[in-house]
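Here is a short tour of how the chains in this model meet, with a closer look at one of them. Have the structure open beside you as you read.

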Amino acid sequence: MSLLEVRDLSISFSTSHGLFRAVNGVNLTIERGEIFGLVGETGCGKTVTGLALMGLISSTGRVTASRLSLDGLNLLSTRNWQNVRGRRISMIFQDPAACLNPTFTIGQQLSHVIRYHFHLDSAATHHRAVELLNDVGLSDAAHTLRTYPHQLSGGMQQRVMIALALASGAELLIADEPTTALDVTIQSQILRLLKSLRDKHTLTIILITHDLGVVAHTCDRVAVLYAGSVAETSSTVDLFRNPKHPYTQGLLGAMPRHGTRGKPLLAIEGSLPSGINPSVGCPFAARCPLVMKICRTDNPTLTPTENAHAIACHLY
Amino acid sequence: MLIYLLRRLLLAILVIVSVSVVTFFVARVIPSDPAALYAGQRPTSDQIAAARERLELDQPLYNQYFRFVRDILKGDLGTSYKTKHAILADIKTFLPATLELVIASTLMAIIIGIPVGVLAGAKHGGWLDQTTRILSIAGVSFPTFWLALVLQLFFFGTLHRLFPLSSRISNNVALFNSFPAVTGFYLIDTLLAGNFIAWRDAVWHIILPTLTLATYPISLTLRMTRAAMVETLSEKYITAARAQGLPERDILFRYALKNAIVPTLTVLGLSFAYSLTGAFLVEVIFSWPGLGKYVTDAIFNVDFPVIVAVTLIVTLFFVSINLFVDIIQAFLDPRVVLR
Amino acid sequence: MKVFTRWFGFRFAPDSIPAHLRRDPLAVVSSLIIMIMILSAIFAPLLTSRAAEGLGEPNPSEKLAPPSAAHIFGADHLGRDLYARVLFGGRTALGMGFLIVFGAVLIGAPLGAIAGYFGGWLDEVIMRVTDVALAFPPLLLAIAIASALGPNLTNAAIAIALTWWPWYTRIVRAQALALRERPFIEAAHVIGVGNFTIIARHILPNVLSPVIVQATLDLGSAILTAAALSFLGLGVQPPTPDWGQMVSTGRIYFPQRWWYVTFPGTAIFIATMAFNLLGDSVQDANK
């Protein structure tokens, strides 16, 4: 059985301008122990999808799905999210400096989470906190525990965030743009850390990012999100070797890489459609270089092809 | 940290010095003649001249000021023109009464304002938020002196003399159940003496003045806590704490409140200091024998040494409380020091 | 007494405010009350047949008359119609409130503009003075100043204004700091316009609108503080009609003659509340 199954996930928010559809019928299947990339532009619904899996959509939002199950547990009928959040799924965010409570030391924050979830005594809690900090590559744990967040560098802050996310014993980690706010060198360190945590602790990771480079280096499988729907999903290798959806092809064309020096980078014309009054048909139709008549009237569904590759496009 | 505290201390000293200068010169550059006041009713010109010499008013102004400062440093706040009492001794009897009132109302502000503010902020836009919004705006709009009268009318008139209208203790209790003045705080002195009849009487007397005085700080604290909570709860570290599976109760009263309380403390410190002067109005109405009664009588008699001394004492409190708040804030939020 | 409207910081987007306010029923109600107050202060003589009593002429035959058809608010200890007194008292209250904020802006705004525009040591000096001034206990300082200057309307207003100006210095400084970087200021500088001309012609007019809005909202606290001074006998003197002074006098006859303190007291409360409500809504709209 897959660890996480998401079927027809839709999320909308009521705003003063009308109903905003952030996510429209997303389907995802996440296997145990993999790093799954969720890629797309800003505003395509990646973060909201992550938050929905944690039951953290604010009261103005509405989440619907035909299936949302974590290891057999139906998240749709979950009343007590306290048993899921942290304990089963944890999440880290883009800006670690803003995600750490500025008025508590790292030690206080870590031990609070550990003690709440595992009811350990203070010696055992301290021991566990040191262990967690070592796991995320912070060697001088005793010192780090006494510091306040603002005294740490960005990379260290993100490591602490990861430790906090693991402190509750989660098996699934949603990492929302975990490296975007960091320097390039620190970025690759954090990504390597995530990979090693997956290997050592059989953690499953959903990596939300806009950066295809990050996906290429880190993820096993990937889903490309466009305007709140999955445009294409496949293994990472397959996606880069054989991108099928015109949007994915556009994204890859816009990415600088070896051997393309001197050739112009391609940009995708136009911008994301509005989530308030979505047009009928394929959401990408207005920007698609290969648009057909049917694209303007019918929204394509995600259709599997060979190699566990699925595309939502009328071309296939 | 040390540099931060030194800076604050320096500012505090600067404030006290400038207040002493301002009040001193304001008091000396006035149209009415202090010597004439000092000399008593219908003085002769000789008496006035004698008084002038005695008060050293013939000296240059800056000399007078240095004398004034030197006396203060020696613990001499001067004598009242009117009663010829030593002002320091007067203040020692009046100050505890005022402080008792101000501390009681600040405690009410903390006990009511902070928890209600947290709950209003947690569900902002909800019914509690809406109601407390109007109530607290009303609370800061009441003229203190008029609120006192309304409460008197309600509790004394309508509710059949439920609470006494004036003074700190009933005459008969003071006569037949007297207790020694140790701290000057009746609520504490009566307990120290084990005199529960007098304690109950003192509690009964302090309720209405405290309620009057507390309305403003309660409202202010509530609104500030609420605003700070709304802002704090929208912070990313709150979402992160939820993602770590922490329960909502801990998030509100531990994670969010510790951050939200930092600005609230500033307001609490300010409102404590404001209450010191707000108490003046309340004391006048409830015949509460505190600094306010003392200073309003002095205003009536144009008794400047008293006005200057009380201004200085209150400023001293004002400044020390602000300093105290700064220190607590630095402990609560280590980033404060960096600003 | 004015921390309340002050505390939440100041960010201004004046264009968006009216639309937000229209959606807030409390803002509409409070604006209405304020408008009625201003109009009734202006047209006070037309709204009562006892204008002379309102201005102070005694009417001994009706001393302390209870509320009735002839005197809907009752009469005071000199037999004057309290409705007329309260009506004319509105002129005093609004006039004093205006005088206070005007005085405070007059002192505070130029200092803030200078501090923000020049920066450097001048800024440092002005802002430290402001810090010190803010650390004074305001009501007490006002009491000391007013009692030294002698109790009357203008002196009370001056005394309060002297404790209020630092707030405006802070607002204006923040705005001037932002304005200083704007191209039209730099352009004026480059073509050789003098510094003080720039402050007077370009900085002050541009910071004026937020200052005026804030000053308007502060009228409530100004009225409240002025009433407190009058209550202590340090403000408006009889026979000039003033709410604070009326409550002060009426207190002697309380609680038997409850009407004497009730109506002027309510007037202070409603006036202050209206301005504070509006201020709160404006702050909401600013977020």
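## Where chain A meets chain B

In this predicted model, the contact between these two chains draws on 24 residues of chain A and 19 residues of chain B. On the chain A side, the elements that supply two or more residues are β7 (89–92), α2 (96–99), α3 (106–118) and α6 (154–167) of chain A. The top contributor is α3(A), which gives 3 residues to the side of chain A that touches chain B.

## Where chain B meets chain C

Now turn to the other contact of chain B. Here 44 residues come from chain B and 40 residues from chain C. On the chain B side, two or more residues each come from α1 (2–28), α6 (127–141), α7 (144–158), α10 (196–233), α12 (248–285), α13 (291–300) and α14 (304–332) of chain B.

By class, the side of chain B that touches chain C holds 33 nonpolar and 11 polar residues, with no charged residues.

## Chain B on its own

If you trace chain B through your viewer, you will find 14 helices and 0 strands. Its pattern along the sequence reads α-α-α-α-α-α-α-α-α-α-α-α-α-α.

Chain B has 339 residues, of which 47% count as buried. Taking the contacts within chain B between residues at least 6 apart in sequence, 72% join residues at least 24 apart.

How values were computed. Residues numbered from 1 in each chain as written. Chains lettered and ligands numbered in written order. Predicted model: local features only at pLDDT ≥ 70, side-chain atom pairs only at ≥ 80, totals over all residues. Contact = placed C-beta atoms within 7 Å. Helix = DSSP H or I, 4+ residues; strand = E, 2+ residues; numbered from the N terminus. Nonpolar A, V, L, I, M, F, W, Y, C, P; charged D, E, K, R; others polar. Buried ≥ 20, exposed ≤ 12 C-beta atoms within 10 Å, placed from the backbone.
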